[in-house]
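Colleague: I'm new to this one, and I'd like a close look at a single part before anything else. Could you start there and then walk me outwards?

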Amino acid sequence: MNDSPADSHDRARQSQATGDGIPTNPFASRYIRPGALPYHFQQGEDAATLIARLQALGWWGQITGPHGTGKSTLVAALLPKIERACRRPLLITLHDGERSLVAHRRRLARCDAVTLLVIDGYEQLSPWNRFWLRRACRQRKCGLLVTAHKPVGLPTLTKTAVDAALARNVLYELHPAATAEHEAVLSRSLLAHSSNLREALFDLYDLEELRRRR
């Protein structure tokens, strides 16, 4: 039986205690990586509605949003639902400066008509590689879902964004005993980093380390 999000969250909170009962930093990367944190869907959306929308788009779509607004977290939330929709997801995460797919050719060779190729960080690719990828997907009749900071010419599945209320919810999910100092750092960091929640969580990690040394 699958755990509910609440069950998973409770287990995650329990795992934040070491053997001697001393809590670890709740903003450590293992707690904030895609898949560890639940994605907060926008009003009127959930995983099922997005999968239905993607299917209606012929399994081609883009997820767009600024840095640190949850695109990779959303992908992690959608992957199991994609499998349940009888599509085989193939996730490729591109990193800064990775402008070609040469390193992924062996995996790409497995694409077929039931594959949904998911490219996280699609804007990293050069124009030629984007063209090559789209043509290859059409020839193999596989789906294509990408994440990017700006529109890249595919049908829009959804757009990600972070506001103060969402960021505060994430803060208390990670640290139920967060203080006014945490909230102040969160607010300042969101302003300084253009609502980039990932950067704000990094700043909260630093704050927590300082508090543990006081």
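Colleague: Is C86 buried or exposed, and what is its relative accessible area?

Modeller: C86 is exposed, and its relative accessible area comes to 67% (over 50% is exposed, under 20% buried and in between partly exposed, using a 1.4 Å probe and protein chains only). Before we go on, this is a predicted model, where local features need pLDDT of at least 70 and side-chain atom pairs pLDDT 80 or more, while totals for chains, interfaces and linings use all residues. Residues are numbered from 1 along each chain as its sequence is written, and side-chain values use heavy atoms, leaving out hydrogens and water.

Let's stay with cysteines for a moment. Look at C142, which is buried, because its relative accessibility is 4%. Its closest cysteine sulfur belongs to C137, but the two sulfurs sit 3.6 Å apart, so they are too far from each other for a bond.

Now zoom out. The protein has 9 helices and 5 strands (DSSP runs numbered from the N terminus: H or I of at least four residues for helices, E of at least two for strands). Of the 214 residues in the protein, 42% are buried.

Next, the rings. Searching the whole structure turns up 2 aromatic pairs (ring centres of Phe, Tyr or the six-membered ring of Trp within 6.5 Å; planes under 30 degrees apart are stacked, over 60 edge-to-face, the rest tilted). One of them joins Y39 and F41: their planes meet at 85° with the centres 4.9 Å apart, so this pair is edge-to-face. Y39 is buried, at 13% relative accessible area, whereas F41 is partly exposed, at 27%.

The W128 and F131 pair is tilted, with 35° between the planes and 5.6 Å from centre to centre. You'll find both residues in helix 6, which covers residues 127-140, and they are 3 residues apart, or about one turn of the helix. W128 counts as exposed because its relative accessibility is 52%, and F131 is partly exposed with 46%.

R105 lies over its face, 4.5 Å from the ring centre (the rule is NZ of Lys or CZ of Arg within 6 Å of the centre and within 35 degrees of the ring normal).

Finally, head for helix 7, residues 164-174. Helix 7 packs against helix 8, residues 180-192, at about 140°, and the two axes are 11 Å apart (axes are lines fitted to C-alpha atoms over the stretch in contact, with angles from 0 to 180 degrees between N-to-C directions). So helix 7 is oblique to helix 8 (under 35 degrees is roughly parallel, over 145 roughly antiparallel, 65 to 115 roughly perpendicular, the rest oblique). Helix 7 also packs with helix 9, residues 197-213, at about 40° and with 11 Å between the axes. That angle makes helix 7 oblique to helix 9 too.

One last stop is E181, which lies in helix 8. E181 is partly exposed, having 29% relative accessible area. Between E181 and L204 there are 9.7 Å in space, C-alpha to C-alpha, and the two are 23 residues apart in sequence.

How values were computed. Disulfide = S-S within 2.5 Å.
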